[in-house]
Amino acid sequence: MVRVSGSRLATVLAPLLVLPEPRVASLRRLHWDGFSERALVLFFPGPSSYTGEDVVELQVHGNPLLVRRLLGHLGALGVRMAQPGEFTRRALLNGKQGLLETEALRDLVAAETDTQIRLAQARAGAQPPWILEARRLLTPWMARAEAAVDYGEEEGITLNLEDLATDLAPLRAGFHVEQVRARAARHLRDGLRLALVGRPNAGKSTLFNALAGEDRAIVTEIPGTTRDVLEVRCEWRGLPLRLFDTAGLRDTEDPLERLGVARVRPVVEAADLILHLVPAMDDGPEALLTQALAPFEGKVLEIRTFGDLAGAAGPVISAPAGDLDALEAALRERLLGGLAPDACLGALATDRQVELLDELARQVDLLLGLNAGCPPELPASLLQGAWGLLARLTGEDRAESALDALFSGFCLGK
Ligand SMILES: Nc1nc2c(ncn2[C@@H]2O[C@H](COP(=O)(O)OP(=O)(O)OP(=O)(O)O)[C@@H](O)[C@H]2O)c(=O)[nH]1
Ligand SMILES: [Mg+2]
């Protein structure tokens with residue numbers, strides 16, 4: 001399918017075809033350079049089109065050479081190739097969709113697992129309701145703060161910070177909920193990077209295969225089976241995973257095994273979470289391993305394998321027996337703030353979004369922590385700041401939109 005967007009479409013394409021009735025699939029014969037191609041043509045007049053401009057779609061036979069020739073002819077007519085994402089960029093600039101939606105569409109195209117598709121789809125719809133709610137709560141307080149700054153002296157208008165704190169408290173609570181959801185959603189969007197480490201025969205490759213749902217790694221009773229680092233991307237119980245199987249860590253003379261052990265370090269460094277597998281019949285983790293993992297303490301999760309053979313304290317699993325509930329619970333706890341993947345539907349998820357949300361929460365925390373005696377300029381600028389961050393989040397950071405909303409339906413009472 002060849003898609004053309006722009007103004008003056010009818011004029012530019014006139015030598016090739018007469019545009020058909022809008023939004024009706026029509027058969028047309030296209031003639032150029034001695035070719036005669038029957039095409040299905042769709043015309044979407046602006047502004048009711050994806051880009052907001054006139055758009056025409058030409059469905060021709062899927063011969064790459066034929067398509068190249070058609071593109072060449074379009075070029076001769078004055079049409080140029082679109083840059084990557086340019087249709088969507090125009091849609092954004094022409095106000096056909098917001099920035100959040102555009103980011104969600106980008107994620108939808110890049111999604112690799114079912115959960116990632118569902119998360120991106122949920123963000124591609126309407127703006128998150130908490131953003132609307134935040135605007136509704138902030139608007140009157142911005143006006144009151146402005147009034148106190150501008151007319152405080154002569155009119156005796158003051159800002160009641162206690163009322164403000166009571167009124168905006170739900171906002172703070174809401175932001176904090178969204179922060180937890182957004183962190184989890186970001187992890188799911190990127191995929192959880194899990195490194196499996198442990199002594200030889202701890203059951204790393206067995207777990208790797210079980211989570212991947214396929215026999216990717218060699219499993220034997222011989223210690224030191226795995227040497228290379230293996231990576232697989234998969235989704236397990238709704239969790240998009242990037243799994244790394246590694247060589248069992250031990251002091252060894254075997255040169256091949258030493259090479260494998262040396263490769264574990266970068267994997268462990270890049271991981272979101274290091275699963276340290278310790279067989280349940282062992283007294284505990286080996287000193288060598290505890291020492292090697294000490295620098296990564298914050299992201300190490302100790303899991304007891306061989307749960308079918310022996311009991312032990314802490315999360316216990318058995319991949320051969322299909323008993324992995326403890327692992328699922330631990331992953332949710334450690335990486336998703338205790339949330340199930342579905343609980344992240346509609347949450348913000350990109351780095352840009354999460355950073356702005358964090359900044360927003362900081363502003364509101366500062367606002368609610370102000371002392372009763374402070375000058376109104378302080379709350380006024382924090383409120384403006386919060387408003388600006390919301391606008392940056394949604395991509396409408398034009399000053400007018402803030403001002404319009406601010407003064408509509410509000411007067412100074414004079
Ligand atoms: N009963 C039982 N056997 C297990 C379990 N996990 C792994 N095994 C067995 O233990 C042996 C070693 O398992 P692997 O998965 O190869 O262990 P590994 O940690 O990858 O070992 P290396 O690659 O040598 O470091 C195999 O015979 C597995 O079938 C478990 O939870 N219960
Ligand atoms: Mg192995």
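This is a predicted model: local features need pLDDT of at least 70, side-chain atom pairs count only at pLDDT 80 or more; totals for chains, interfaces and linings use all residues.
Residues are numbered from 1 along each chain as its sequence is written, chains are lettered from A and ligands numbered from 1 in the order in which they are written, and side-chain values use heavy atoms, with hydrogens and water left out.

Let us begin with the domains. The assignment for the protein chain gives domain 1 as 2–78, domain 2 as 129–185 + 346–407, and domain 3 as 191–340. Such bounds come from an automatic or database domain assignment.

Now look at a pair of helices. Helices (H or I, at least four residues) and strands (E, at least two) are DSSP runs, numbered from the N terminus. Helix α6 (residues 129–155) packs with helix α14 (residues 377–394) at an angle of about 150°, and their axes are 9 Å apart. This angle makes α6 roughly antiparallel to α14. Angles under 35 degrees count as roughly parallel, over 145 as roughly antiparallel, 65 to 115 as roughly perpendicular and the rest as oblique. The axes are lines fitted to C-alpha atoms, for helices over the stretch in contact, and the angles run from 0 to 180 degrees between N-to-C directions.

Which residues make the contact between α6 and α14? From α6 they include Trp-130, Ile-131, Leu-138 and Trp-141, and from α14 they include Leu-383, Trp-387 and Leu-390. Here, contact means heavy atoms within 4.5 Å. By class, the contact of α6 with α14 has 15 nonpolar, 3 polar and 3 charged residues. Ala, Val, Leu, Ile, Met, Phe, Trp, Tyr, Cys and Pro count as nonpolar, Asp, Glu, Lys and Arg as charged, and the others, Gly among them, as polar.

Next, find helix α8 (residues 204–212), where Ser-205 lies. Is Ser-205 buried or exposed? Ser-205 counts as buried because its relative accessibility is 8%; buried means under 20% relative accessible area, exposed over 50%, and partly exposed in between (1.4 Å probe, protein chains only). Not counting residues up to four places away in sequence, Ser-205 touches Ala-217, Ile-218, Val-219, Thr-226 and Asp-245. Leu-207 is also found in α8 and is buried, with a relative accessible area of 1%. Residues up to four places away in sequence aside, Leu-207 touches Leu-196, Leu-275, Leu-277, Ile-317, Ala-319, Leu-324 and Leu-327.

Sequence separation and spatial separation are worth looking at side by side. Leu-207 and Gly-6 are 201 residues apart in sequence and 54 Å apart in space, C-alpha to C-alpha. For Asp-358 and Glu-178, the separation is 180 residues in sequence and 9.5 Å in space, C-alpha to C-alpha. Asp-358 is found in helix α13 (residues 351–368) and is buried at a relative accessible area of 15%. Apart from its neighbours within four places in sequence, Asp-358 is in contact with Gln-179 and Arg-183.

Finally, visit some loops. Pro-47 lies in the loop between β3 (35–44) and β4 (55–59), and the peptide bond from Gly-46 to Pro-47 is cis, with omega near 5°. Arg-237, in the loop between β6 (230–236) and β7 (239–245), has a positive phi of about 50° although it is not a glycine.
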